[in-house]
Amino acid sequence: QAQLVESGGGLVQAGGSLRLSCAASERTFSMLFMAWFRQAPGKAREFVAAIDWTTTNIDYADSAKGRFTISRDNAKNTVYLQMASLKPDDTAVYYCAAGKRFLAVTVRRRSPNEYDYWGQGIQVTVSS
């Protein structure tokens with residue numbers, strides 16, 4: 001059973017940056033897709049970004065495009081989310097997810113149901 005551990009969250013002012021990391025307990029080349037989701041209080045979990053093991057298939061939520069960058073280092077079994085120009089609306093618990101299926105279409109990459117493993121979540125708070 002793979003385990004995912006997020007790090008790098010915290011409190012930042014609006015306009016600032018943070019980099020989240022997600023370390024996997026097993027070799028990430030077996031995780032064909034890895035993704036970040038987030039959940040704000042009282043809201044459903046929402047997709048943020050996803051990346052396949054070759055790093056050639058990358059998707060972003062509209063809210064993340066142009067501000068967030070997802071990347072992965074399979075040698076380090078780690079996926080990253082670089083977040084810039086943060087807004088108070090980005091405040092949420094951020095979750096790392098991983099799955100062993102190739103997700104050929106965008107709608108599947110954006111569905112939490114397609115991912116087999118989840119981290120415990122990490123808080124990101126953006127102050128105005």
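Visitor: Which hand does the link of Cys-22 and Cys-96 have?
Guide: The link of Cys-22 and Cys-96 is left-handed, with -80° about the S-S bond. This is a predicted model, in which local features need pLDDT of at least 70 and side-chain atom pairs count only at pLDDT 80 or more, while totals for chains, interfaces and linings use all residues. Residues are numbered from 1 along each chain as its sequence is written, and side-chain values use heavy atoms, with hydrogens and water left out.

Visitor: How far apart are the sulfur atoms of Cys-22 and Cys-96?
Guide: The sulfur atoms of Cys-22 and Cys-96 lie 2.1 Å apart, and the two residues form a disulfide (a pair of cysteine sulfur atoms within 2.5 Å).

Visitor: How many disulfides does a search of the whole structure find?
Guide: The search finds one disulfide.

Visitor: And which parts does the pair tie together?
Guide: Cys-22 belongs to strand 3 (residues 18–24) and Cys-96 to strand 9 (residues 92–99), so the pair joins parts that are 74 residues apart in sequence. Strands (E, at least two residues) and helices (H or I, at least four) are DSSP runs, numbered from the N terminus.

Visitor: Are Cys-22 and Cys-96 buried or exposed?
Guide: Cys-22 counts as buried, because its relative accessibility is 0%. Cys-96 is buried as well, also at 0%. Buried means under 20% relative accessible area, exposed over 50%, and partly exposed in between (1.4 Å probe, protein chains only).

Visitor: What box do the C-alpha atoms fill, and how much of the protein is buried?
Guide: Taken along the principal axes, the box is roughly 40 × 25 × 25 Å. Of the 128 residues, 46% count as buried.

Visitor: How many bridges does strand 8 share with strand 3 and with strand 7?
Guide: Strand 3 and strand 8 pair in the antiparallel sense over six bridges; there, Leu-20 has Leu-81 of strand 8 as its bridge partner. Strand 7 and strand 8 (residues 78–83) also pair in the antiparallel sense over six bridges. Tyr-80 in strand 8 is the bridge partner of Ser-71, and Met-83 in strand 8 stands opposite Phe-68.

Visitor: What do strand 7 and strand 8 form together?
Guide: Strand 7 and strand 8 form a hairpin, with four residues between them. In its turn, Asn-77 has a positive phi of about 55°.

Visitor: One last point: how many residues of strand 8 are buried?
Guide: Five of the six residues of strand 8 are buried, and the strand is mostly covered.

Key
Pairing = 2+ DSSP bridges.
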